[in-house]
Amino acid sequence: MVLLFVCGLLFLLYAILVLYYWHSWKALPEYAPAVNHFTAKVSVIIPARNEEKHIGRLLKALQKQTYPEELVEVIVVDDHSTDRTAEIVRSFEKVKLISLNSDVINSYKKKAIETGIAAAQGDWIVTTDADCVPAENWLSTLFDFAEENKPVFIAAPVVMNHDSSVLQLFQAMDFMVLQAITGAVVSRKQLTMCNGANIAYEKKVFHEVNGFAGIDQIASGDDMLLMHKIWKRYPERVLYLKAKEAIIATEPQPTWRSFFNQRIRWAGKAGKYEDKRFTPVLLLVYLFNVSFVALFTAGFLHDQYWMYMAGLWVLKTLVELPLFTAAARFFDKISTLKWFFFFQPLHIVYTVLSGLLGQIGSYEWKGRRVK
């Protein structure tokens, strides 16, 4: 009975949290660009390592942006690629290519972005990933929003492409919910969350907070950890842009192994957050998912616990469904709704494993073993 009480309490707290996210996401209005008068000089910085399959597609998309061409520079920082990445970048005349030369470090991506910023001429830094593709009004929407709202840091939405495979569907659905939660907590000024595939910040503010100093030994966190440093100085000017025209599309991980390595990498920075508001949230989510493992294990002693676990599975689905549906509508992924109930066990297992391994182990990323 103690186990059931604990599981019930965790579910109640989890339900309150998820419903709060749903309400906050729904309350955040979609932004409609209205200014159409651009003055900001923008540097788009793209760290790239072995991205020959994707980098050309991104650079072509950037050529089609409706933002004034004379106000944009594109900088690709090649992170020791061993494929044709640099060769492809050189075929784009107006793109600046910088080759990263550095000793063995733990965060090559931060170093790449820092190197790009040092060479940037723009007043604003926009970062994205080499496997991403923006809509043609991406930069125009970002800087309409910036002109109207005067932020110093903008977090913007990212959607994941997918085919019909379980691996890609699951990634896209999970990622979509994370994006909705990001919009919810940033708009409420509850947490500093973002994704480095679609963020923008003033270059002078990057220097004001001393860039990545103090977080440069952490393998990931070029986005959220930097965002928190900026938020501490400008808590009212770190904003989320909810606009379909601002969405960046990114690629899923190609294998289960690379997917788990990605999520272990994300989980690995949890203990590094200076924003301690994350701690109770992450702990609650983790313990709630562990409660399924506890009920499953207890079922080998008394099989009624498996019935309780099945009931909790249904309740988890029901309480998450409004948030998932709202996110799916915004990202035009409503067709994925039919898989939501069936992917719950997979979501539980991956949450427990990646959360655990992210704190105690190392992982492989971009061909490197990272602690």
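## A buried arginine without a salt bridge

Arg49 is buried but forms no salt bridge, and the nearest side chain of opposite charge, that of Asp79, is 4.6 Å away. The separation rules out a salt bridge because a side-chain nitrogen of Lys or Arg must come within 4 Å of a carboxyl oxygen of Asp or Glu. The model discussed here is predicted.

Arg49 belongs to the loop between strand S1 (42-48) and helix H2 (55-63). Asp79 also meets this side chain through its backbone: the backbone oxygen of Asp79 is 3.2 Å from a polar atom of the Arg49 side chain.

Helix H8 (residues 224-233) is largely enclosed by the rest of the structure, because seven of its 10 residues are buried. The buried residues are Met224, Leu225, Leu226, Met227, His228, Lys229 and Ile230.

Both helices and strands contribute to the cover over these residues. The covering helices include H6 (166-187), H7 (203-208) and H10 (278-298). Among the covering strands are S6 (153-155), S8 (199-202) and S9 (238-240).

## Aromatic pairs

The whole structure contains 30 aromatic pairs. One of them joins Phe11 and Phe288, whose ring centres are 6.2 Å apart and whose planes meet at 40°, so the pair is classed as tilted. Since Phe11 lies in helix H1 (residues 2-27) and Phe288 in helix H10, this pair ties together parts that are 277 residues apart in sequence. Phe11 has a relative accessibility of 17% and therefore counts as buried; Phe288, at 0%, also counts as buried.

Phe341 and Phe342 form an edge-to-face pair, because their planes stand at 80° with ring centres 5.5 Å apart. Phe341 counts as partly exposed at 31% relative accessibility, whereas Phe342, at 56%, counts as exposed. Elsewhere, ring pairs link Phe170, Trp256, Phe259, Phe260, Trp339, Phe343 and Tyr350 into a cluster.

## Charged groups over tryptophan rings

Terms used:
Residues numbered from 1 in each chain as written. Predicted model: local features only at pLDDT ≥ 70, side-chain atom pairs only at ≥ 80, totals over all residues. Heavy atoms only, no water. Buried < 20%, exposed > 50% of the residue type's maximum accessible area, 1.4 Å probe, protein only. Helix = DSSP H or I, 4+ residues; strand = E, 2+ residues; numbered from the N terminus. Contact = heavy atoms within 4.5 Å. Phe/Tyr/Trp six-rings, centres within 6.5 Å; stacked < 30°, edge-to-face > 60°. Lys, Arg positive; Asp, Glu negative; His and termini not counted. Polar contact = N/O pair within 3.5 Å; in protein donor to acceptor, adjacent residues only side chain to side chain.
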